[in-house]
Amino acid sequence: MQWADFLANEAATNSLSPEQTAAFVERLKTENSGKSEAKLASELNIGAAAFKKRMTEVYEKFAKSYPELANSENRGKLEKLRACLTAKYNGGQDAQPTIKEIHQNIPPAVPFEKFVGREVELKKLHQQLQTSRQVAIVAVAGMGGVGKTELASQYAKQHLQNYQGGVCWLSAQGIDVGIQILRFAELKFKLIAPDDWELADRQRYCWQNWQQGEVLLVFDDVTDYKKQVQPYLPPESPRFKVLLTTRLGFDRTLPQLPLGVLKPLAAMKLLKSLVDRERLKSDPWVAKKICKFLGYLPLALELVGRYLDTMPDLSLETLRKRLEKKRLEHEAIAKANPLMRYEYGVAEAFALSWEQLDENAQKMGCGLSLFALADIPLPVEAIEDDEQQEVWEKAIADLLELHLLQRQSKGIYKLHPLIRQFFQMKLDESSEADEVKTSFAAQAVRVAKRIPQKSNREEILNLTLYIPHLAELATDLFPYLSDEDLITPFTRLGWFYKGQGLYQQAEPWLQQCVELTKNRLGLEHPHIVTSLNNLAGLYKSTGHYRKAEPLYQQALELSKRLLGDEHPLVAASLHNLAGLYEYTGSYREAEPLYQQALELSKCLLGEEHPFVAVSLHNLAGLYEYTGSYREAEPLYQQALELRKRLLGEEHPDVATSLDSLAGLYSSTGRYREAEPLYQQALELRKRLLGEEHPDVSTTLNNLALLYFYTGRYSEAEVLLQQALELSKRLLGEEHPDVANNFNNLAELYFHTGRYGKAEPLYKQALAISEKTLGVGHLTTMTVRGNYARFLREAYR
């Protein structure tokens with residue numbers, strides 16, 4: 001027995017943990033006798049203190065067998081332990097009895113110190129194998145390249161002392177397993193059954209005469225349990241333990257240890273064991289990105305690590321870019337490394353599983369590769385055709401069985417990044433690739449159309465799962481969208497984020513929509529009108545009025561030129577431009593546009609239409625701002641009733657109408673009528689949109705002003721502070737709504753005599769208003785007037 005194997009046996013005998021074993025073996029290796037603890041710690045990629053702690057724990061465990069270790073200094077303990085183990089290894093007189101050789105044919109494994117991230121799995125595997133009273137059978141199952149065989153060989157090496165009856169390693173893909181068992185028994189135990197016996201009888205003879213002690217049988221790479229394992233199992237006896245490695249997922253009757261990819265830290269640790277540590281330390285973020293790109297798959301990490309080791313001048317960033325460009329076809333991961341025991345590259349490893357799939361499962365795998373790297377909803381139960389539903393169910397089951405697909409929860413699945421790349425590669429090789437991508441794009445558009453312009457809380461919850469896949473469609477698969485559907489994913493992604501007040505996330509989608517539509521459809525197309533209106537609407541919401549106005553004007557002119565004066569898109573464009581003029585205080589320009597939009601929408605869409613309600617509501621708002629309260633009230637009431645009738649009581653637009661009507665009542669001193677409407681609007685918005693939404697901030701601010709006007713200052717202050725913090729968080733520090741919040745809170749402090757708190761808020765409100773709205777805007781002038789009045793009162 002070699003010294004390294006002897007040390008491994010000693011580690012197992014004395015119940016060292018994997019971490020302790022790595023430190024112990026490294027410290028006691030003959031070639032390391034002159035090295036310092038700091039140097040050895042560096043080679044194990046751990047700190048010197050951690051190495052010292054592990055060795056202290058090792059001495060404590062060995063002290064049970066060698067009491068003389070208990071009262072020695074650490075350096076003395078090392079020399080005494082080395083002497084005791086050397087004597088034992090050489091069979092010296094003072095040593096404990098020489099270890100009986102344990103027969104095994106375990107394939108070579110990586111050194112203990114380079115086997116990282118599987119400590120928990122090793123412990124769990126040992127526990128599972130010890131619990132059965134009959135033959136313990138545990139299957140280590142996982143996708144190709146995840147390290148099933150390496151885990152099994154490491155387990156067998158580290159626990160060799162537990163199996164005095166030997167460890168018999170059997171390749172399920174090699175010659176007949178029964179013959180492998182006979183050869184092991186003959187070579188290791190000299191057990192030779194008569195040649196004229198049947199194979200089953202000869203095998204039974206071997207089991208009956210097998211060396212005493214617990215036995216570990218490892219069936220590696222099982223693809224057919226009934227043919228490769230079941231006929232060759234030993235008789236029922238607790239001393240026989242059976243370990244399988246397989247890509248398959250067996251049913252629950254067979255205990256399994258699912259083996260996933262490494263954790264990010266373990267992946268980095270594996271890479272550090274293969275690549276010069278200083279090289280990784282110089283660019284740690286790029287190294288982490290490489291690990292993530294490889295999906296933390298041990299096979300891919302080892303291939304890349306060994307590749308980097310042979311290319312000392314190759315930068316990590318250059319390799320990362322090449323991997324992202326060439327993916328599975330890059331030489332770093334395409335082929336097996338001759339220094340590795342595993343004989344396949346990543347794609348080759350996946351191909352072994354791919355070949356076991358039928359045509360339907362292969363097609364499903366290719367289709368799934370078009371989804372983003374996120375949870376994939378597969379609502380099989382929604383398929384109406386029973387036969388088609390069964391085809392889908394079987395295909396999913398086949399992919400799950402071979403660990404090519406991961407089940408997250410009911411109806412939700414996920415692909416490993418490299419398996420996704422493999423499926424994409426297979427799809428691109430197919431003659432049906434364009435057809436599959438076009439079909440996927442059409443299905444995704446149907447989902448996108450479910451996103452409303454303003455989503456309520458429940459809708460957001462239900463739609464969130466689909467957002468990364470719609471983003472994938474808009475980013476990589478837009479060439480497969482029809483002209484008719486081209487703007488849909490971009491527009492609906494913009495709506496999804498804008499409706500939640502997430503303007504920064506919405507903007508790039510709406511910008512891309514304009515550019516892509518122009519590039520593909522030309523400058524004269526109705527989709528351009530819609531895209532310009534949507535982007536201008538976002539700019540209006542974020543207070544960028546100068547950016548919004550030319551876009552609204554272009555949209556109106558283009559819609560008239562393309563569609564004539566009487567078209568719903570023209571009505572929408574008139575309405576949008578009017579809204580911008582209202583926001584910027586240009587009320588004279590806004591009123592005729594609102595009136596035109598209202599009349600046109602009634603004429604084209606009928607009196608009972610949601611857009612008519614929007615037009616009524618916004619025209620009412622204009623009248624309110626200009627002090628025409630009698631004209632405003634009936635329009636607000638009509639809009640509210642129409643929205644309730646068309647949209648139902650539980651809709652964000654109903655909350656908007658309630659808030660606006662309450663505002664009108666408050667402006668005219670009808671506070672008792674206003675308060676319950678504000679409270680209804682606030683509760684409805686919180687319920688539908690969630691606590692973190694700009695509309696919630698608006699109603700908090702409005703209700704606070706009502707309390708302020710009625711002298712309930714304490715209640716007003718709490719709500720104004722909440723509104724200010726929420727607006728800053730959602731809209732950013734420089735937004736007109738934030739300026740309005742600063743102004744209102746400053747007014748409260750001024751009227752309650754807290755001048756020191758009021759002045760800085762007035763200054764902030766004025767600065768933001770002047771910057772975002774301009775010095776001549778009505779809101780800016782109002783804030784400036786409030787500040788001037790404060791200065792006159794405070795410093796007179």
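**Salt bridges between helices and loops**

Arg685 and Asp659 pair up through their side chains in a salt bridge, with N to O at 3.8 Å; the term stands for a side-chain nitrogen of Lys or Arg within 4 Å of a carboxyl oxygen of Asp or Glu. The two partners come from distant parts of the chain, 26 residues apart, with Arg685 in helix H33 (residues 671–689) and Asp659 in helix H32 (residues 652–667). Helices here are DSSP runs (H or I) of at least four residues, numbered from the N terminus. Arg685 is buried at 5% relative accessibility, and Asp659 is buried too, at 7% (buried is under 20% relative accessible area, exposed over 50%, partly exposed in between, with a 1.4 Å probe and protein chains only).

The model is predicted, so local features need pLDDT of at least 70 and side-chain atom pairs pLDDT 80 or more, while totals for chains, interfaces and linings use all residues. Residues are numbered from 1 along each chain as its sequence is written, and side-chain values use heavy atoms, leaving out hydrogens and water.

Helix H33 also supplies Glu675, 37 residues from its partner Arg712, which sits in the loop between helix H34 (694–709) and helix H35 (713–731). Glu675 is buried at 17%, whereas Arg712 is partly exposed at 28%.

Next comes Glu717, whose side chain meets that of Arg754 in a salt bridge (3.1 Å, N to O). Glu717 belongs to helix H35 and Arg754 to the loop between helix H36 (736–751) and helix H37 (755–772), so parts 37 residues apart in sequence are tied together. Glu717 is buried at 16%; Arg754 is partly exposed at 28%.

Across the whole structure, the search turns up 33 salt bridges.

How values were computed
Helices (H or I, at least four residues) and strands (E, at least two) are DSSP runs, numbered from the N terminus.
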